Amino acid sequence: MTEVPPYGVVVVTGATGGLGHVIVDGLIDDGHIVIAQFHTDAIGAQALRVAAEQKGGTCIPVQAELSTSAGAEAFVDAVAALLRKNESWRLRGLINNAALVLGPGFGSTTADLFDRYVAVNVRAPFLLTQALSSLMEDGSSIVNISSAGVTFSSPGDIIYVMTKAALEALTRHAAEPLARRGIRINAVVAGFTDNGHPGYKFAKVRDHLGAFAALGGIAEPEVISDAVRFLLSPASRRSTGSLLDVSGGSTLGVPRPGGSVRDLAQNHPSA
Ligand SMILES: NC(=O)c1ccc[n+]([C@@H]2O[C@H](COP(=O)([O-])OP(=O)(O)OC[C@H]3O[C@@H](n4cnc5c(N)ncnc54)[C@H](OP(=O)(O)O)[C@@H]3O)[C@@H](O)[C@H]2O)c1
């Protein structure tokens with residue numbers, strides 16, 4: 001029988017994604033058993049299982065389609081079945097990390113795309129939070145992965161950032177009912193973070209994206225993983241309904257290349 005680690009079982013969605021697999025790795029290091037939801041990447045899911053085993057940990061991949069409510073419900077059923085099968089396991093956490101990322105823009109959005117983004121990025125986290133919290137131990141922790149893009153003008157990613165704003169609203173407004181059982185819910189606000197996308201290899205892209213952060217540069221995925229680990233741990237025991245901003249100050253509205261309004265005004269031909 002698997003021994004129950006200090007923090008028990010944590011469900012991670014989008015576990016094979018660029019940030020998801022690093023989040024899983026960190027949670028395994030902390031002694032959690034991870035139920036890792038994956039969508040299309042069965043090979044990546046198997047790799048998560050093997051990597052956990054090599055560290056003496058446990059990661060159970062579960063395939064799920066989160067763009068439909070039936071898919072989200074089937075995933076909840078699969079988690080519940082795993083908890084029934086392993087009586088000593090205790091559900092202590094949920095990381096809503098899966099998302100359709102970036103795009104579509106203001107002009108190119110269709111009703112179908114709109115519905116799909118909302119389904120994966122908002123409805124699924126809501127349904128999972130609602131259903132899985134009822135299976136959780138009192139005192140558990142839920143973490144939603146949001147984006148600094150919510151705070152600056154992003155017309156090219158308008159639907160994506162609208163869904164992240166809704167996820168932040170879920171974080172705030174679910175905190176009170178969950179607090180009755182001591183369950184905390186918080187969001188991590190990520191800035192541009194290297195998720196292995198080929199674009200991050202190009203210096204020009206890194207320079208452009210790095211200019212959004214007051215601290216400069218692109219985050220490595222461990223920045224998000226460390227924030228998740230903190231929000232799952234007792235060190236954050238008085239935090240709920242909050243946003244943990246690890247965007248390097250991308251939410252501060254620092255002047256982009258081209259200068260401040262004053263610089264622009266001084267350099268304007270009419271000045
Ligand atoms: N990387 C950044 O710069 C950044 C910045 C701010 C916030 N974030 C947030 O960080 C989180 C992780 O993003 P990432 O950078 O790791 O992106 P990613 O590599 O594209 O990961 C997204 C994950 O979501 C899964 N997913 C997408 N559609 C799904 C569906 N219909 N059903 C189930 N799963 C689905 C994907 O699985 P498939 O690939 O198999 O479809 C993938 O595993 C997201 O919430 C994102 O919004 C990222």
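Biologist: Where is Pro104 found?

Modeller: Pro104 sits in the loop between S4 and H4. Keep in mind that this is a predicted model.

Biologist: Is the peptide bond from Gly103 to Pro104 cis or trans?

Modeller: That bond is cis, and its omega is near -10°. As a rule, most peptide bonds are trans.

Biologist: Which residues is Pro104 in contact with, leaving aside its neighbours within four places in sequence?

Modeller: Pro104 is in contact with Thr109, Leu113 and Ile159, once those sequence neighbours are set aside.

Biologist: Let's switch to helices. How do the axes of H4 and H5 cross?

Modeller: The axes of H4 and helix H5, residues 158-179, come within 10 Å and cross at roughly 15°. The two helices are therefore roughly parallel to each other, and their crossing is right-handed.

Biologist: Which residues meet there?

Modeller: From H4 they include Leu113, Phe114, Tyr117 and Val118, and from H5 they include Ile159, Tyr160, Thr163 and Ala166. By class, the H4 and H5 contact has 14 nonpolar residues, four polar ones and no charged ones. Leu113 and Ile159 also came up as contacts of Pro104.

Biologist: Nice link. And what about H3 and H4, at what angle do their axes cross?

Modeller: Helix H3, residues 69-85, and helix H4, residues 111-133, cross at roughly 30°, with axes that come within 10 Å. H3 and H4 are therefore roughly parallel to each other. Their crossing is right-handed. On the H3 side the contact is made by Ser69, Ala72, Val76 and Val79, and on the H4 side by Arg123, Ala124, Leu127, Leu128, Ala131 and Leu132.

Biologist: How many of those are nonpolar, polar and charged?

Modeller: Eight are nonpolar, one is polar and one is charged in the contact of H3 with H4.

Biologist: Now H1 and H7, how do those two cross?

Modeller: The axes of H1 and H7 come within 9 Å and cross at roughly 45°. That angle is why H1 is oblique to H7. The crossing is right-handed. H1 brings Val22, Ile23, Gly26 and Leu27 to the contact, while H7 brings Glu222, Ile224, Ser225, Val228 and Arg229.

Biologist: Tell me about Ile23, is it buried or exposed?

Modeller: Ile23, which is in helix H1, counts as buried because it has 30 C-beta neighbours inside 10 Å. Apart from neighbours within four places in sequence, Ile23 is in contact with Val12, Ile95, Asn97, Ile224, Ser225 and Val228.

Biologist: Which residues of H7 are buried?

Modeller: In H7, residues 222-232, the buried ones are Ile224, Ser225, Ala227, Val228, Arg229, Leu231 and Leu232. The elements that cover them include helix H1 and strands S1, S4, S5, S6 and S7.

Biologist: One more topic, the ligand. Which residues come nearest?

Modeller: Of the 25 residues around the ligand, Gly14, Gly17, His39, Ala99 and Asn195 come nearest.

Biologist: And how does that shell divide into nonpolar, polar and charged?

Modeller: The shell around the ligand has eleven nonpolar, twelve polar and two charged residues.

Biologist: Great, thanks a lot!

Key: Residues are numbered from 1 along each chain as its sequence is written. This is a predicted model: local features need pLDDT of at least 70, side-chain atom pairs count only at pLDDT 80 or more; totals for chains, interfaces and linings use all residues. A residue is near a molecule or strand if its C-beta atom, placed from the backbone, lies within 6 Å of it. Ala, Val, Leu, Ile, Met, Phe, Trp, Tyr, Cys and Pro count as nonpolar, Asp, Glu, Lys and Arg as charged, and the others, Gly among them, as polar. A residue is buried if 20 or more other C-beta atoms lie within 10 Å of its own, exposed if 12 or fewer, and partly exposed in between; C-beta atoms are placed from the backbone. Helices (H or I, at least four residues) and strands (E, at least two) are DSSP runs, numbered from the N terminus. Two residues are in contact if their C-beta atoms, placed from the backbone, lie within 7 Å. Axes are lines fitted to C-alpha atoms, for helices over the stretch in contact, and angles run from 0 to 180 degrees between N-to-C directions. Angles under 35 degrees count as roughly parallel, over 145 as roughly antiparallel, 65 to 115 as roughly perpendicular and the rest as oblique. A crossing is left-handed if the near helix is turned anticlockwise from the far one by less than a right angle, and right-handed if clockwise.
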